[in-house]
Amino acid sequence: MTQPRPEVLQKLTPVLTKRWLSPDAWQIGVYERLDGYSALRKALDVHPDDLIQLIKDSGLRGRGGAGFPTGLKWGFIPQGDGKPHYLVINADEGEPGTCKDLPLMTYDPHSLIEGAIIASYAIRAERAFIYIRGEAVHAARRLRHAVQEAYAKGYLGKNILKSGYDLDLVVHSGAGAYICGEETALLDSLEGFRGQPRLRPPFPAIAGLYASPTVVNNVGTIASVPYIVLGGADWWKSMGTEKSAGPMIYSLSGRVVNPGQYECGLGITLRELIELAGGMKPGHNLKFWTPGGSSTPILTAEHIDTPMDFEGVAAAGSILGTTAMQIFSDQDCPVYNTWRWLEFYHHESCGKCTPCREGNYWMVRTYRRILSGQGTYADLDTLQDTADNIFGRSFCGLGDGAATPVVSTLKWFRDDYLGYIEGRTAPRLSEKSLVGAH
Amino acid sequence: MSEKTVDFSPAAAPLAEKLLEPALEILARYPVGRERSALLPLLHLVQTEEGHVSPNGVAFCAEILGINKAQVGAVATFYTMYKRRPTGEYLVSVCTNTLCNVMGGQEVYDQLSEHLGVGHDQTTADGKITLEHAECLAACDYAPVVTVNYDFTVDEATPQSAVELVESLRNGERPTPARGARICSLKEMQYQLAGFADPRDGAVGDGVAGAPTLRGVRLAQEHGIAVAGFDPDSPITKTKPVRDETALPQQPASEEKPGRVASVARKAAGAVKAAAGAVAEKVDERRHAGRTTDTGDVKDPEVRAAESRNPTADTPAPSGTATTPVPTTPAEADGVADNEPAGDGKPAGDSTRGESIVSQRTAEQKPATNVTRRTEEEK
């Protein structure tokens with residue numbers, strides 16, 4: 001294992017991950033000793049509009065994938081409309097490759113709760129919900145415990161810290177549906193329906209939860225808020241790039257020596273991240289990788305110096321997404337991997353719109369045929385055509401996400417597909433998995 | 001208790017006997033009139049008793065929320081974590097999504113499947129283990145991962161370590177999970193999923209962060225790297241006074257002039273008590289009412305029109321007559337004359353045959369509301 005160079009080490013920005021080093025930071029006493037809830041006191045001492053302005057000034061952008069400016073989103077909430085307002089935190093982490101929110105909620109749950117109180121105060125919400133993925137049981141356990149502690153200490157409930165502000169916070173467990181990571185599907189699920197996306201407009205800021213103005217933010221976004229309130233917008237902007245400010249938790253997995261969570265300023269490159277992670281595993285050479293989960297177009301070894309911020313990755317033809325970087329080597333097959341992702345999308349398609357529901361069904365079968373050595377050249381056109389008819393034509397972004405690995409692997413690794421079709425590559429799937437493929 | 005359960009149908013009554021108290025607590029978490037939000041936690045709650053969502057469980061959820069069983073069934077079948085068949089004591093999930101798959105997750109799953117003699121979503125004959133292959137479990141830096149009842153139990157799993165795990169579970173042992181809390185049964189886990197605190201003393205503190213989670217931050221610590229210039233007292237630009245009337249939600253609390261410390265403190269203490277009282281009152285109110293609030297479908301029409309047309313349990317049976325739309329053009333009038341609109345969602349033009357069937361059926365059927373009253377009559 002090679003040691004990272006000092007100049008690369010300097011790119012580490014331990015902010016959101018810092019408290020993870022204290023094993024008991026999930027308890028309120030320890031959290032308070034580590035600056036905990038001091039941001040809340042500070043925030044309750046300023047007008048909510050000034051808080052929204054502070055977040056706007058910080059340049060904080062959503063950490064859930066789309067990168068929408070957070071302050072702007074909060075500013076969309078109509079004030080004085082007489083309707084209840086809601087804050088809903090999207091903790092339905094399920095994008096393949098993404099694993100940054102679960103550790104945050106498990107090892108530092110109070111930072112999310114503190115951020116939630118500040119954000120709710122800023123948008124004048126009286127109720128906040130954390131919609132946590134059902135499978136994330138330990139994180140939910142810690143969160144629920146932390147919420148109880150916060151109530152007992154007067155950080156939640158009536159008249160928080162004697163400010164006259166009231167807030168109730170409920171941790172709501174999902175039940176295993178990837179689609180609920182889509183914000184309007186999440187709202188439907190939270191209302192007790194099947195998690196299926198809604199037509200927009202109206203946007204959640206106008207008609208969200210219970211048809212009332214609602215802000216939906218990712219865990220990482222809300223957990224960043226206390227640090228901005230404490231350190232100020234200028235300090236926050238000292239990390240990252242001009243348009244993508246602040247630190248980001250990069251999740252490296254796959255063929256690197258030390259997979260894990262690396263919090264760095266936005267704009268670091270994959271080359272530097274791999275260096276931090278001790279290099280590629282012996283015998284493995286970088287072949288392809290996802291910049292932010294499987295729903296972002298895959299990139300190849302030639303993109304290793306792409307700056308990992310919203311603009312840099314977009315310029316390379318992909319999306320920053322959740323910065324879940326799954327790193328694959330020359331020993332991995334892009335066709336096989338894409339098939340596996342498609343099985344996932346096929347399983348998780350909510351069924352609301354035809355392109356995603358039917359398209360994934362057919363693409364899975366086409367992949368099975370190719371991988372069992374029975375593919376034809378026409379199958380590649382079928383795949384391309386199906387993917388093109390899903391992308392941009394499905395109801396929500398998750399359909400688009402299903403098409404991206406297909407389109408991007410066809411673009412970069414067509415020869416790997418041809419290998420199966422022309423019999424140069426040994427089949428990866430047996431005949432029995434072909435049932436129903438023709 | 002018998003007084004409260006009297007309104008439940010025979011299918012739901014046994015569950016109601018056991019689960020009414022926690023179910024009402026769940027309902028109280030959501031705003032008044034928005035109780036349908038409790039459906040997901042209620043379905044988790046049903047699984048604490050049955051291990052899966054049975055027709056009885058569906059009936060219980062429907063009756064406590066005042067919606068119909070089809071609406072509950074539609075939700076219950078949508079989500080993976082609601083099981084449709086009885087499950088084992090432990091749910092062993094192996095991630096076989098792409099990354100875990102290529103890191104060895106598929107071999108782990110195949111080996112377990114062969115060893116246990118069961119496939120996906122199947123339970124061993126001794127009722128101990130339900131096996132499933134899961135999609136991304138959000139722990140890719142520990143790939144491949146195996147969870148027991150959703151708690152991370154084996155990281156960087158191998159076929160051997162996974163077989164050892166299931167063997168010890170079948171022998172009645174409960175091995176210590178890698179990063180989750182101590183293992184409980186799947187039914188006990190469902191109680192937590194329904195939103196209740198882990199009743200086991202100290203379980204919330206179980207599990208320490210693994211090396212991959214801490215790699216970046218440890219690296220920074222070892223090399224003394226911190227973000228410079230952090231000043232927790234950095235000022236926030238103030239353009240408006242803090243206690244602006246519009247700044248806070250219109251609450252009775254904010255009506256009084258703040259600033260008098262003693263009165264505020266007294267008020268705070270009172271408010272906490274009042275909040276606790278309000279919840280208790282709300283729960284109590286519903287308990288005595290027997291049936292809970294009829295939430296129906298409360299979606300705003302502008303958000304989703306179709307959903308708001310869904311019938312509730314109290315919607316009368318369809319009569320088969322529909323209101324005739326008024327034609328605005330001659331062409332439309334011709335069309336209306338040729339195609340009588342059918343009631344009850346049948347295709348237009350199908351009215352003659354369709355309506356005769358509907359009227360026949362409604363004549364045969366008792367009104368739906370009688371079904372839920374049966375217990376009362378039997379008494």
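**Figure 1. Overall scores and the contact between chain A and chain B.** The predicted model has an ipTM of 0.95 and a pTM of 0.84. Across the interface, 99 residues of chain A are in contact with 92 residues of chain B. Within chain A, the largest contribution to the side that touches chain B comes from helix H8 (residues 137–152), which supplies seven residues. By residue class, the side of chain A that touches chain B comprises 38 nonpolar, 38 polar and 23 charged residues.

**Figure 2. The two assigned domains of chain A.** The domain assignment places domain 1 of chain A at residues 35–237 and domain 2 of chain A at residues 334–434. The centres of the two domains, taken over C-alpha atoms, are separated by 36 Å. Eight residues from domain 1 of chain A and nine residues from domain 2 of chain A take part in the contact. On the side of domain 1 of chain A that touches domain 2 of chain A, five residues are nonpolar, two are polar and one is charged.

Figure 3. Helix H4 of chain A spans residues 48–58, and its buried residues are Pro48(A), Leu51(A), Ile52(A), Gln53(A), Leu54(A), Ile55(A) and Ser58(A). Just after H4(A) comes Gly59(A), which adopts a positive phi of about 75°.

**Figure 4. The open five-stranded sheet of chain A.** The strands of this sheet follow the order S6-S5-S9-S7-S8 (chain A), and their pairing is mixed. Strand S6 (260–265) and strand S8 (299–300) of chain A form the edges, each pairing on one side only. Strands of a sheet pair through backbone hydrogen bonds, in either a parallel or an antiparallel sense. In chain A, strand S5 (residues 247–254) and strand S9 (residues 324–329) are paired in the parallel sense over four bridges. Ser251(A) has Ala324(A) in S9(A) as its bridge partner.

**Figure 5. The open five-stranded sheet of chain B and the helix across it.** Chain B contains 16 helices and five strands. Five strands are arranged as an open sheet in the order S2-S3-S1-S4-S5 (chain B), with mixed pairing. Strand S2 (122–123) and strand S5 (151–154) of chain B each have a single partner strand, so one side of each is left without a neighbour in the sheet. Strand S1 (residues 90–95) and strand S4 (residues 146–148) of chain B pair in the antiparallel sense, over three bridges. Val94(B) is joined to its bridge partner Val146(B) in S4(B). Helix H7 (residues 159–170) of chain B lies across S1, strand S3 (129–134), S4 and S5 of chain B, at about 115° to S5(B).

Figure 6. Gln122(B) belongs to strand S2 of chain B. Gln122(B) counts as partly exposed because it has 16 C-beta neighbours inside 10 Å. Apart from residues up to four places away in sequence, Gln122(B) touches Thr130(B) and Leu131(B). Gln122(B) and Gly88(B) are 34 residues apart in sequence, with a C-alpha to C-alpha distance of 8.8 Å. Lys128(B) lies in the loop between S2 and S3 of chain B. Lys128(B) also counts as partly exposed, because it has 17 C-beta neighbours inside 10 Å. Beyond neighbours within four places in sequence, the contacts of Lys128(B) are Gly88(B), Glu89(B), Tyr90(B), Leu169(B) and Arg170(B). The C-alpha atoms of Lys128(B) and Leu169(B) are 7.7 Å apart, although 41 residues separate the two in sequence.

Figure 7. The average pLDDT of chain B is 78, and 65% of the residues score at least 70. Residues 250–265 of chain B have a pLDDT below 50, and this stretch makes 14 contacts in the model beyond near neighbours in sequence. Residues 345–363 of chain B likewise have a pLDDT below 50, with 19 contacts beyond near neighbours in sequence. Where pLDDT is low, the predicted coordinates should not be read in detail. Of the 379 residues in chain B, 37% are buried. Among the contacts in chain B with a separation of 6 or more, 63% involve residues 24 or more positions apart.

Definitions and conventions:
Residues are numbered from 1 along each chain as its sequence is written. Chains are lettered from A and ligands numbered from 1 in the order in which they are written. This is a predicted model: local features need pLDDT of at least 70, side-chain atom pairs count only at pLDDT 80 or more; totals for chains, interfaces and linings use all residues. Domain bounds come from an automatic or database domain assignment. Two residues are in contact if their C-beta atoms, placed from the backbone, lie within 7 Å. Ala, Val, Leu, Ile, Met, Phe, Trp, Tyr, Cys and Pro count as nonpolar, Asp, Glu, Lys and Arg as charged, and the others, Gly among them, as polar. Two strands pair if DSSP finds at least two bridges between them. Helices (H or I, at least four residues) and strands (E, at least two) are DSSP runs, numbered from the N terminus. Axes are lines fitted to C-alpha atoms, for helices over the stretch in contact, and angles run from 0 to 180 degrees between N-to-C directions. pLDDT is the predictor's confidence in each residue, from 0 to 100. A residue is buried if 20 or more other C-beta atoms lie within 10 Å of its own, exposed if 12 or fewer, and partly exposed in between; C-beta atoms are placed from the backbone.
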